[in-house]
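Please walk through this structure with the text below. The sequence and the model come first, and the explanation follows.

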Amino acid sequence: STIARYAGASYTVGLNKTNLENIKISIYPNPANEYFTLNLEATFQIIIRNIEGTIIKKIIVKSGISNISLEEFSNGIYLIEGTNAKTQFSSKLVVVK
């Protein structure tokens with residue numbers, strides 16, 4: 001887990017996984033500004049929610065390295081949820097512009 005500082009507070013921004021297979025997942029940088037990068041070993045449906053739970057973005061991300069734009073995001077904490085047939089993960093993402 002990593003500690004991120006946002007608006008004078010600290011938040012734990014680790015990655016939580018439920019693996020039925022050992023699939024590597026990484027999300028960086030965190031905190032993020034213009035984009036964040038997903039490095040996935042499989043294709044995932046990604047849902048990004050704001051702190052209130054509203055879906056902000058829903059996309060399919062293929063295996064490999066993908067840069068996800070944060071252009072329409074404002075400062076705040078977001079939940080990234082990824083699912084496929086074998087794995088689920090979630091992670092907090094802090095956006096600071």
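How many bridges join β4 to strand β5, and do the two run parallel or antiparallel? Four bridges join β4 to β5 (residues 35-40), and the two strands run antiparallel. Strands, here and below, are DSSP runs (E, at least two residues), helices are DSSP runs of H or I with at least four residues, and both are numbered from the N terminus. Two strands pair if DSSP finds at least two bridges between them.

Some ground rules apply. This is a predicted model, in which local features need pLDDT of at least 70 and side-chain atom pairs count only at pLDDT 80 or more, while totals for chains, interfaces and linings use all residues. Residues are numbered from 1 along each chain as its sequence is written, and side-chain values use heavy atoms, with hydrogens and water left out.

The pLDDT is the predictor's confidence in each residue, from 0 to 100. The chain averages a pLDDT of 84, and 78% of the residues score at least 70. Over residues 1-13 the pLDDT stays under 50. For that stretch the model has 28 contacts beyond four places in sequence, where a contact means heavy atoms within 4.5 Å.

The chain as a whole has zero helices and 10 strands. Read from the N terminus, its elements run β-β-β-β-β-β-β-β-β-β. Of the 97 residues, 37% are buried; buried means under 20% relative accessible area, exposed means over 50%, and partly exposed lies in between (1.4 Å probe, protein chains only). The accessible surface of the chain comes to about 5,700 Å², and carbon and sulfur atoms account for 48% of that surface. Accessible areas come from the Shrake-Rupley method with a 1.4 Å probe, and for residues only the protein chains shown count as cover. Among contacts between residues at least 6 apart in sequence, 51% join residues at least 24 apart.

Return now to β4 and β5. Both belong to an open sheet of three strands, with the order β4-β5-β8 and antiparallel pairing. The edge strands are β4 and β8, each of which pairs on one side only. Neighbouring strands of this sheet are turned by 15° against each other on average, direction ignored; the axes are lines fitted to C-alpha atoms, for helices over the stretch in contact, and angles run from 0 to 180 degrees between N-to-C directions.

In a regular strand the side chains alternate between the two faces of the sheet. Across the pairing, Ile25 stands opposite Leu40 in β5, and Tyr28 stands opposite Thr37 in β5.

A hairpin of six residues joins β4 to β5. Two prolines lie in the loop between these strands, Pro29 and Pro31. A cis peptide bond joins Tyr28 and Pro29, with omega about -15°. Another cis peptide bond joins Asn30 and Pro31, with omega about 15°.

Which charged side chains pair, and where do they lie? The structure holds two salt bridges, a salt bridge being a side-chain nitrogen of Lys or Arg within 4 Å of a carboxyl oxygen of Asp or Glu. One is formed by the side chains of Arg49 and Glu81 (2.9 Å, N to O). Arg49 lies in strand β6 (residues 44-50) and Glu81 in strand β9 (residues 76-83), so the pair ties together parts that are 32 residues apart in sequence. Arg49 is partly exposed, with a relative accessible area of 23%, and Glu81 is partly exposed at 22%.

The side chains of Glu72 and Lys57 also meet in a salt bridge (3.3 Å, N to O). This pair links distant parts of the chain, 15 residues apart: Glu72 is in the loop between β8 (64-69) and β9, and Lys57 is in strand β7 (residues 55-61). Glu72 counts as partly exposed at 48% relative accessibility, while Lys57 is buried, with a relative accessible area of 18%.

Strand β6 also holds Asn50. At 17% relative accessibility, Asn50 counts as buried. Leaving aside its neighbours within four places in sequence, Asn50 is in contact with Ile56, Ile77 and Tyr78.
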